[in-house]
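Subject: A structure for you to explore

Hello,

I am passing a protein structure on to you, and I hope you enjoy looking around it. Please open it below, and then read on for what I found.

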Amino acid sequence: MDRGGCRMSGGGGGGMISLEDLESMSEDPLSDGLEEDREEEEEDREEEEEQGRLLQYWTDVARGHQVEVPRDMAEPIHQITTNNDGTHTREQVPHTLITRKEKCGELAYEKRHYEKAHWACITVHEDTYEQSICYGFMKIMRFICQQNTAGSYLGMTIPIVTVVRTDEMQSTLDRAVTVAYYLPAQHQTDPPRPHDPEIRIELWPATIVYTRAFSGATNELSIINEVRRLAEALDRPAVCESFIVAGYTNPAAANRHNEIWFLERP
């Protein structure tokens with residue numbers, strides 16, 4: 001008997017199928033396709049579960065500030081987190097250090113120069129500062145994560161800044177808080193436009209900034225205290241009525257790295 005193959009008849013002609021052919025047929029492309037489908041389904045399931053865990057974390061943190069996190073924030077939160085997990089570089093707002101002042105061996109403040117640049121801004125009026133920055137930051141996150149005319153993830157930059165205003169005595173904060181996001185360098189010349197009509201693109205002028213770092217939560221009390229501490233470090237009272245709080249970690253972070261900024265008057 002010829003063991004090299006077997007004949008198949010029919011259809012007006014015959015063909016020889018070898019043992020090699022039979023072995024290759026065992027590598028069923030349909031099986032490979034099903035395996036790929038299963039892997040994709042598993043990846044989708046894991047991503048959905050991760051989105052759910054991150055959304056729940058944000059929801060738990062926000063609840064402490066009486067802030068509601070809508071379910072449609074799951075994807076933006078996931079994008080921001082996975083694109084800033086330590087393997088991706090977050091672009092810093094470019095600046096030039098002019099001088100550093102120390103007191104008693106500790107850094108009292110830095111004086112920096114920031115070039116003019118485009119920022120995406122939204123002004124929020126909530127009952128508390130924490131509520132305003134949470135709701136404002138969530139809207140900015142949607143803009144960063146594809147809700148823009150570029151239709152793509154723009155990239156995270158730091159710090160996210162909030163412009164706050166006080167009364168003449170610097171004792172209370174105004175309810176209007178402006179949350180602003182520096183557009184990455186590649187988008188500075190032609191900034192993508194937001195889909196959200198509440199977000200506006202502004203060109204901020206070049207400015208000199210006096211800044212002092214602080215950690216922990218940012219709320220009305222801590223901001224007022226930091227304004228006074230920076231004024232003392234500068235050896236002069238704070239004469240302006242608006243200040244900037246720069247956040248290097250998102251509002252849901254347990255330990256925040258922040259700065260208070262004074263803008264030098266022209």
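Here is a question to start with: which side chain does the side chain of E259 join through a polar contact? The partner is W261, and the polar contact between the two side chains is 2.9 Å. Please keep in mind throughout that this is a predicted model.

**The whole chain**

The chain has 266 residues, and 42% of them count as buried. Its secondary structure comes to five helices and 13 strands. If you take the contacts with a separation of 6 or more, 69% of them are between residues 24 or more positions apart.

E259 lies in strand β13. Is E259 buried or exposed? Its relative accessibility is 6%, and because buried means under 20%, E259 counts as buried. Leaving out residues up to four places away in sequence, E259 touches R112, T211, R212, A213, F214, I244, V245, A246 and Y248.

One of those residues, A246, stands opposite E259. A246 belongs to β12, where V161 stands opposite it too. Strand β8 (residues 160-165) is joined to β12 by six bridges, and the two run antiparallel. β12 also pairs with β13, again in the antiparallel sense, over four bridges. Five of the six residues of β12 are buried, so the strand is largely enclosed by the rest of the structure.

**Rings that pair up**

Next, look for aromatic rings. A search of the whole structure finds six aromatic pairs. In one of them, the rings of W119 and Y182 have their centres 5.6 Å apart and their planes at 70 degrees, so this pair is edge-to-face. The pair links distant parts of the chain, since W119 sits in strand β6 (residues 117-125) and Y182 in strand β9 (residues 176-182), 63 residues apart. Both W119 and Y182 are buried.

F243 is buried at 0% relative accessibility, and F262 is buried with a relative accessible area of 2%.

Ring pairs also link W119, Y182 and W204 into a cluster.

In soluble globular proteins, nonpolar side chains tend to be buried together. The largest nonpolar core here has 24 residues, and those that touch the most other members are A120, I140, F143, I144 and Y181. Helix α3 (74-82), strand β6, helix α4 (129-144) and strand β9 each supply at least two residues of this core. Which of these elements gives the most to the core? That is α4, with seven residues.

Setting aside its neighbours within four places in sequence, F143 is in contact with A120, N148, L154, Y181, L183, P192, R193, P194, I199 and I201. Apart from this core lies another, of 21 residues, among them A108, L173, A231 and V245.

H118 is found in strand β6. Its relative accessible area is 19%, and because the limit for buried is under 20%, H118 is buried. Not counting residues up to four places away in sequence, H118 touches Y181, Y182, L183, Q188, P191, I201, E202 and L203.

**Helix α5**

Finally, have a look at α5 (residues 220-233), which has 14 residues. From its first C-alpha to its last it reaches 20 Å, close to the 20 Å expected at 1.5 Å a residue. At its start, a side-chain oxygen of N219 comes to within 3.2 Å of the backbone nitrogen of L221. The buried residues of α5 include S222, I223, I224, E226, V227, L230, A231 and A233. Just after the helix, D235 takes a positive phi of about 60 degrees.

Best wishes

Technical notes
Residues numbered from 1 in each chain as written. Predicted model: local features only at pLDDT ≥ 70, side-chain atom pairs only at ≥ 80, totals over all residues. Heavy atoms only, no water. Expected span 1.5 Å × (residues − 1). Buried < 20%, exposed > 50% of the residue type's maximum accessible area, 1.4 Å probe, protein only. Polar contact = N/O pair within 3.5 Å; in protein donor to acceptor, adjacent residues only side chain to side chain. Phe/Tyr/Trp six-rings, centres within 6.5 Å; stacked < 30°, edge-to-face > 60°. Core = buried A, V, L, I, M, F, W, Y, C linked by side-chain atoms within 4.5 Å. Contact = heavy atoms within 4.5 Å. Pairing = 2+ DSSP bridges.
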